[in-house]
Amino acid sequence: DAGVIQSPRHEVTEMGQEVTLRCKPISGHDYLFWYRQTMMRGLELLIYFNNNVPIDDSGMPEDRFSAKMPNASFSTLKIQPSEPRDSAVYFCASRLAGEFSYNEQFFGPGTRLTVL
Amino acid sequence: AQTVTQSQPEMSVQEAETVTLSCTYDTSESDYYLFWYKQPPSRQMILVIRQEAYKQQNATENRFSVNFQKAAKSFSLKISDSQLGDAAMYFCAYRRGGDYKLSFGAGTTVTVRA
């Protein structure tokens, strides 16, 4: 398996522009997570899905952020409009349900977002 | 909300020596899991080791082992025979049993001296 795939790996945009980050989870995984990593706040969970349905979006910082999962193979995190304080590394992770050790979260390589 | 605290922002170790990273957590749950993740300069988050709270035996994975002190809510990671490839940021993480959200500590940067 190719693992969790994220695109783009790097994104530089200007304040006010719309940004869309993409994630393809590991095939067969039924949970998908979006995290944000910054120096100030560390790793924060933004939102997670189970079987394509958002379960907990309490970590989404503002209405400017939205996430969708139209099917089991694809999810997007959109920021509109973007602001400089959104600059961070955004990770996507996926996992299987159940408490076996091999079910734990696998992370993608992250997208480094810079908003100028 | 659960909190995970890593009090050591940076640690340095000589190659082939041992280093121990500290982590404490706060929870009222009895069913939970603890983790150490490694983040090398490539940014990829890699699961190093997992500990189930109901298990008294400390988890080990090759050169990595933990000291799980449930009553003290302490979960330290020991890296033995340190190698240059161990240089990374290490994150302690917690999740409640049956809930798949992870809560992370602030991380500890490990430098390995040749």
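These exercises walk through a predicted model with chains A and B.

**Exercise 1. Describe the interface between chain B and chain A: how many residues take part, and how much area is buried?**

Step 1. Count the residues. Chain B supplies 19 residues to the contact and chain A supplies 26 residues.

Step 2. Take the area. The two chains bury about 1,800 Å² between them. Of this, 49% is on carbon and sulfur atoms.

Step 3. Ask which residues of chain B lose the most area to chain A. They are R43(B), Y100(B) and K101(B). Together they account for 42% of what the chain B side buries.

**Exercise 2. Find the polar links across this interface, and say which elements of chain B supply its side.**

Step 1. Look for salt bridges. The rule finds three of them across the interface of chain B and chain A. One of these pairs joins E104(A) and R50(B), at 2.5 Å from N to O.

Step 2. Look for polar contacts. Eleven residue pairs are in polar contact across the interface, with both residues at pLDDT 80 or more.

Step 3. β5 (32-39), β6 (46-52) and β10 (88-96) of chain B each give two or more residues to the side that touches chain A. β5(B) gives the most, with four residues.

Step 4. Sort that side by class. It has nine nonpolar, five polar and five charged residues.

**Exercise 3. Trace the network of salt bridges that includes R95(A) and E104(A).**

Step 1. Start within chain A. R95(A) forms a salt bridge with E104(A), and their closest N and O atoms are 3.0 Å apart.

Step 2. Check burial. The cut-off for buried is under 20% relative accessible area. R95(A) has 0% relative accessibility, so it counts as buried. E104(A) has 2%, so it counts as buried too.

Step 3. Cross to chain B. E104(A) also meets R50(B) in a salt bridge.

Step 4. Write out the network. Its members are R95(A), E104(A), R50(B), E52(B), K55(B) and R95(B).

**Exercise 4. Which salt-bridge partners does R85(A) have, and are these residues buried or exposed?**

Step 1. Begin with the total. Over all chains the count comes to 17 salt bridges.

Step 2. Take the pair of E62(A) and R85(A). Their closest N and O atoms are 2.8 Å apart. E62(A) lies in the loop between β6 (53-56) and β7 (65-71) of chain A, and R85(A) in the loop between β8 (74-79) and β9 (88-95) of chain A, so the pair ties together parts that are 23 residues apart in sequence.

Step 3. Take the pair of E83(A) and R85(A). Here the closest N and O atoms are 2.6 Å apart.

Step 4. Read the exposure. R85(A) is exposed, with a relative accessible area of 54%. E62(A) is partly exposed at 26%. E83(A) is partly exposed at 23%.

**Exercise 5. Which residues touch the most other members of the largest nonpolar core, and which elements build it?**

Step 1. Name the residues. The core has 25 residues, and Y25(B), W36(B), F75(B), L77(B) and Y90(B) touch the most other members.

Step 2. Name the elements. β3 (19-21), β5, β6, β8 (64-69), β9 (74-79), β10 and β12 (108-113) of chain B each give two or more residues. β10(B) gives the most to this core, with four residues.

Step 3. Follow one member. Beyond its neighbours within four places in sequence, Y25(B) has contacts that include Y32(B), L34(B), F68(B), F75(B) and Y94(B).

Step 4. Look for another core. Apart from this one lies a core of 21 residues, among them L46(A), I47(A), F65(A) and A67(A).

Note on methods. Residues numbered from 1 in each chain as written. Chains lettered and ligands numbered in written order. Predicted model: local features only at pLDDT ≥ 70, side-chain atom pairs only at ≥ 80, totals over all residues. Heavy atoms only, no water. Contact = heavy atoms within 4.5 Å. Buried area = accessible area lost by both parts, 1.4 Å probe. Salt bridge = Lys/Arg side-chain N within 4 Å of Asp/Glu carboxyl O. Polar contact = N/O pair within 3.5 Å; in protein donor to acceptor, adjacent residues only side chain to side chain. Nonpolar A, V, L, I, M, F, W, Y, C, P; charged D, E, K, R; others polar. Core = buried A, V, L, I, M, F, W, Y, C linked by side-chain atoms within 4.5 Å. Buried < 20%, exposed > 50% of the residue type's maximum accessible area, 1.4 Å probe, protein only.
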